Each structure stands twice: as C-alpha cells, then as structure tokens.
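Here is a short report on one chain. It starts with a single residue and then widens to the whole.

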Amino acid sequence: MPQRMLLLDEAARYLHVEVTRLEKWVKRQEIPFESQGGRRTVFHRGELDAWASQRILSMQGKRLAEYHEQASAQTQQYLNGQAPLVCGLLSTGRVAPALRSHTKASVLRDLVAVAESANLLCDPKDLLNSLEEREALCSTGLPGGLALVHPRYHDAYLASDSFLIIGRVLHPLPFGAPDGKATDLFFLLCCLDDRLHLHALARLCTMCHTTDLLARLRTAEDAQAMSDAACACEGDVV
C-alpha cells in the first residue's frame, strides 16, 4: 500500500503537537523523517503512525496526561458534541467477555471475528492482515495484562465505521508484553479517521493507567457490565 507523505505542519497536526516540538525531534533524529533536497522535511504516514503509537503506549504519568490533554483539545472539533470518545466507539455486540483464544494469532482472529459479527467490517481478512503487520513491528502488549491492538493503517476500506472491541480471554496468553507476563484483556481499536486514532489511543492508555478500569473489566459479570465500566472510567478522566 502506498504511504501518504505528510509535510511538517500536517505531521504536527496528526501527532497533536506543536510544529516547534516536531522540529526538535527532527533535529535530534528522534522521529522517522525524510529530507527532500535538503530543504523540505516530509514524513511517511505509516512510519509516523507506528512511531507515535508505540510512543503513546510507553507513556505514563505526567507525559501521558499532558499528551492526552493536548490531543483532546485539538480533536474536540471533530467530536461535535457527541458521546465521549471511547464510549462512543463501544456499543452492543462489541464486548466479548469469554474469548477462548490460546495464542497471539488466535486472539487476533477472534477479535476480528467479534467485529465481523457486529457487521463492522468491509473485509475481515484486510483488518486481520493489518493487525498482524502492526504486531510484527512491535507488540501492542503492555505491562498489567492488557494489549491495545490496532491496525497498521487507518483507511476507510477496513470498516464501515470506527469502533472499539473489548475482549477478555478465559485463559491469559503470551502476547509479547515487556514484563513477560501473560495478557488477558484486549482492546481492538480501529479508527478510520487518523486525526482521532492517536487521541483514542491516548485516552485508552490514560484510562488503563489512572482508573480501576482493568480491575473492573476482570470482575465484570457480563458484556454489559464491561461496557458500563469502560464508559464510567472514561468519565473519570474527562
């Protein structure tokens, strides 16, 4: 798939940061970029997204709070007064409290199957391939038994609308978390609008780090209770 090129100001908007900060990252070579003719700096959207997504997944504390606040301010115009971001992406049929997956490959397939059963996908194979490509770059598993799974690309052909799937496996499985521990909670985030993807990812990270969301998801009796817990915890961070 051809990768869209972003100019400096476009990349800054996509990352929800100021142009001056992006220029510092470029100067320090902390971010993937390409210099054209020695005068113009451009970014491959796919490379930029992978870099930014992994950076958000590694954030905690003050850095995560500041980034989430800035992203929220910059993307508020796109929400147009709708329901909170995460809760708006989550609805009936998008929570699976008893996945029988036993491997990384099978949980990706099962998460895609949940999205397919909710009539969200244009082509399930395309989404699965994009998830596998993203995991091949670096695992989205995090310490604490969770994974924030998302496709490598955020294009309209993947699904009929942006969505969030929450899955809980019956038996924790190895997913490549940096602490080496097994994972039992999975969030599959698919945002068709790339302006909202990093914001939604930061929102989920903030919810997982600063609320009791994970504990509530693990003890919830059914899909509705899990959905209610996610919406309540999002309210706590906004």
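Threonine 211 counts as buried, because its relative accessibility is 18% and buried means under 20% relative accessible area, exposed over 50%, partly exposed in between (1.4 Å probe, protein chains only). This is a predicted model: local features need pLDDT of at least 70, side-chain atom pairs count only at pLDDT 80 or more, and totals for chains, interfaces and linings use all residues. Residues are numbered from 1 along each chain as its sequence is written, and side-chain values use heavy atoms, with hydrogens and water left out.

Threonine 211 sits in the loop between helix H8 (194–210) and helix H9 (213–219). Helices (H or I, at least four residues) and strands (E, at least two) are DSSP runs, numbered from the N terminus. Leaving aside neighbours within four places in sequence, threonine 211 is in contact with Thr206, Cys233, Asp236 and Val237. Contact means heavy atoms within 4.5 Å.

Now the strands. Two strands pair if DSSP finds at least two bridges between them.

| Strand pair | Bridges | Direction | Opposite residues |
|---|---|---|---|
| S1 (residues 5–7) and S3 (residues 40–44) | 3 bridges | antiparallel | leucine 6 and phenylalanine 43 |
| S2 (residues 34–36) and S3 | 3 bridges | antiparallel | glutamine 36 and arginine 40 |

Then the whole chain. Its secondary structure comes to 10 helices and 8 strands. Of its 238 residues, 49% count as buried. Along its principal axes, the C-alpha trace spans about 55 × 35 × 35 Å. Among contacts with a separation of 6 or more, 70% come from residues 24 or more positions apart.
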